[in-house]
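Colleague: I would like to learn how to read a few features of a model with you. Could you take me through them one at a time?

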Amino acid sequence: MFCLSELEDTVRVPPSDLNLPLEVAIKKALQKLFLDKVLSIGLCVSIYGIKSIEGGFVLPGDGAATYKVRFRIVVFRPFVGEVIAAKFKESDSNGLRLTLGFFEDVYVPAPLIPTPNRCEPDPYNRNQMRWVWKYGDDEFIIDDSCQIKFRVENISYPPVPTERAEDAKPFAPMVVTGTIDDDGLGPVSWWEACAPISDDED
Amino acid sequence: IFIYVFFFFNSKSFPFFLFYESKHRCEYVCRVKANAGALTNFEVLDLLNSRGASKDTTRVIASETVSRSEYKVYDYLMETAASTQTRDSVTKFSDKCKGFKLAKAEILNIINLRPSSDVELTPILEKPDEREIDIEGILALVQELLPPLPTVEAHKENEQEETEDGEQPNMETSV
């Protein structure tokens, strides 16, 4: 789910931070620049460490010092085929939306929900649709009663839209598409009936 | 060698912000190594712990070193198998996995999820039938080396973790 990435960037330390120890000031500037932002390599979660700092020049007309910094960050970038446990967030006629707390744009489109299924208006929540999987004679509901495991199918980074309607959904710079159409995927409660193999010791 | 650009965006889709007006800009950042190593959930949790993150609800002490968004990652990880793992168990497990002919990504996935049954392990493996993988052996190794999943607060019904936890401690001591 996470990996390390090494980057090099020019960092500007504002004059107000120049009294702090250099590493702390640079880390602060880096956090402001990168933390919780989506780069093309993924969502930056944390600054792992600084490898080297060079420079420290003050450009004319500017009170801040500019450094060339090499550092490593922890990036959230799931790989295709990874199985991740997430929580249910909302669902509509196009599919489900799951959340990981720190990342909320995981979508399971309708074709990747196990068939046969049906979508019905949610009796508990007027605005939402509820997905139900029909397996044999049983019906399994997808809702927020437990964790939902999904497998990553695709990660995309849609380009910034230049124009949007006023009430459109906020732009998601990184979208993970997942599937729950396989053994062991979907709400955890669906598979609890399968006894864990290794628990058969005397 | 040097590759460019990045649009910086806020990753959260909060509906009440017209975030992209002020928050995005182009920057040229040199990416030296996009992938300098995959990390298990445990390693990330360990990193946040060493910075001072904790379950303490006030979170005042560590807020200097751990930001709000890092705390969200911390909260997520505390509910996964990573919260009960130790460096020792994870290293031992990945060493012993070498005998099972698994891909690195699969080992990582197993460590992160800690499957305890066949049906949990199968979606992680790619084409398990064609590769003749010793599923029972892997599950036994998981059982033996990786600590059980954490107990989740009881407001969730039918949580698998609770049944696990009830049985594991007896298993561990008998081994």
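This is a predicted model: local features need pLDDT of at least 70, side-chain atom pairs count only at pLDDT 80 or more; totals for chains, interfaces and linings use all residues.

Colleague: What is the mean pLDDT of chain B?

Modeller: pLDDT is the predictor's confidence in each residue, from 0 to 100. For chain B the mean is 69, and 63% of the residues reach 70 or more. Residues 4-27 of chain B fall below 50, yet this stretch has 60 contacts in the model beyond near neighbours in sequence (contact means heavy atoms within 4.5 Å). Residues 153-175 of chain B also stay under 50, with 41 contacts beyond four places in sequence. The model scores ipTM 0.82 and pTM 0.75.

Colleague: How do I read the packing of two helices?

Modeller: Two packed helices are described by the angle between their axes and the distance between the axes. Helices (H or I, at least four residues) and strands (E, at least two) are DSSP runs, numbered from the N terminus. Axes are lines fitted to C-alpha atoms, for helices over the stretch in contact, and angles run from 0 to 180 degrees between N-to-C directions.

Colleague: At what angle do H2(B) and H3(B) pack?

Modeller: H2(B) and H3(B), the latter spanning residues 68-78, pack at about 125° with their axes 10 Å apart. The contact includes Val44(B), Leu45(B) and Leu48(B) of H2(B), and Val73(B), Tyr74(B) and Leu77(B) of H3(B). Its residues divide into seven nonpolar, two polar and two charged (Ala, Val, Leu, Ile, Met, Phe, Trp, Tyr, Cys and Pro count as nonpolar, Asp, Glu, Lys and Arg as charged, and the others, Gly among them, as polar).

Colleague: And how do H4(B) and H8(B) lie relative to each other, parallel or antiparallel?

Modeller: The axes of H4(B) (residues 87-96) and H8(B) (residues 135-145) come within 10 Å and cross at roughly 160°. The two are therefore roughly antiparallel to each other. Phe93(B) of H4(B) and Leu141(B) of H8(B) are among the residues making the contact, which divide into four nonpolar, one polar and three charged.

Colleague: Is Ile142(A) buried or exposed?

Modeller: Buried means under 20% relative accessible area, exposed over 50%, and partly exposed in between (1.4 Å probe, protein chains only). Ile142(A), in strand S10 (residues 138-142) of chain A, counts as buried at 1%. Beyond four places in sequence, Ile142(A) touches several residues, including Phe88(A), Trp131(A) and Trp190(A). In chain B, Thr40(B) is buried too, at 6%, and sits in the loop between strand S4 (38-39) and helix H2 (41-51).

Colleague: Which phi does Arg114(B) have?

Modeller: Arg114(B) has a positive phi of about 50° although it is not a glycine. Arg114(B) lies in the loop between H5 (104-113) and H6 (118-121) of chain B, and is buried at 0%. In chain A, Asp36(A) has a positive phi near 65° and is buried at 16%. A glycine case is Gly52(B), which follows H2(B) with a positive phi near 110°.

Note on methods. Residues are numbered from 1 along each chain as its sequence is written. Chains are lettered from A and ligands numbered from 1 in the order in which they are written. Side-chain values use heavy atoms; hydrogens and water are left out. Angles under 35 degrees count as roughly parallel, over 145 as roughly antiparallel, 65 to 115 as roughly perpendicular and the rest as oblique.
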